[in-house]
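Dear colleague,

I am handing over the structure below, and my notes on what was found in it follow. Please read them alongside the coordinates.

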Amino acid sequence: MGYRGKTREQAGARDLRASGMTLADIATRLEVSKSSVSLWVRDVPLTPSPRRTGPQRRPNPLRDRRLAEIAALDAAGRERIGVLSDDAFLAAGVALYAGEGSKTDRTVAFANSDPEMVRFFCAWLRRHFVIDETRLRVRVYLHSGLDLDAAQELWSDVTGIPQRQFWAAYRAVPDATIRRNKHEHGCACVMYSCARTHRAIMGMVRALLSQAAIPG
């Protein structure tokens, strides 16, 4: 049994979105949150229903080729990776933590703005370690002016951690001279204070990185 997440719901959501169904209707049909549906279908080209079809856009061959290439390579990637075995899932999670996780001793911490990376990490952590769910914490980092309630609802759904275990959010004041684009739901940091778990993960990180020195 490898990492699967809600793959059946994700595939169904993508098919329904491609047929022109609204996010709210998909969420109701699949009995999932609208925020999850929005994430799953964000790259699906939408075929609008006739009643909502407005003036037709001019054909854009470059855009069409780009979307076709992305779709083809996504399909090729899914076929090549397949369903991860437990060993492959373990190694993939270790590699992800090596790049994005906290190296400070005693606390497992993983922060990212990509909900699918955070979802993968949480599934990996629960699968391969004995976790006390009541000790899991989340802190959301979100620019001021964005919807904190919606962001925390989304991250709770992604992580499977109830909002009562969230720490106070960090609200950053955006600096227009540095960046204009802002992540709608911010960044989430998942934390688990357990020295033994963190040391076990870092031991595997060091073991994984040492493989680079092995020829062949």
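Phe120 has a relative accessible area of 16% and is therefore buried (buried means under 20% relative accessible area, exposed over 50% and partly exposed in between, with a 1.4 Å probe and protein chains only). This is a predicted model, in which local features need pLDDT of at least 70 and side-chain atom pairs count only at pLDDT 80 or more, while totals for chains, interfaces and linings use all residues. Residues are numbered from 1 along each chain as its sequence is written, and side-chain values use heavy atoms, with hydrogens and water left out.

The structure holds six aromatic pairs (rings of Phe, Tyr and Trp, the last by its six-membered ring, pair if their centres lie within 6.5 Å; planes under 30 degrees apart count as stacked, over 60 as edge-to-face and the rest as tilted). One of them joins Phe89 and Phe120, whose ring centres are 5.2 Å apart and whose planes stand at 85°, so the pair is edge-to-face. Because Phe89 lies in helix H5 (residues 86–100) and Phe120 in helix H6, this pair ties together parts that are 31 residues apart in sequence (helices are DSSP runs of H or I with at least four residues, numbered from the N terminus). Phe89 counts as buried too, at 3% relative accessibility.

Trp124 and Phe129 also form an edge-to-face pair, at 5.3 Å centre to centre and with 70° between the planes. Trp124 is buried at a relative accessible area of 0%, and Phe129 counts as buried at 14%.

Conventions: Helices (H or I, at least four residues) and strands (E, at least two) are DSSP runs, numbered from the N terminus.
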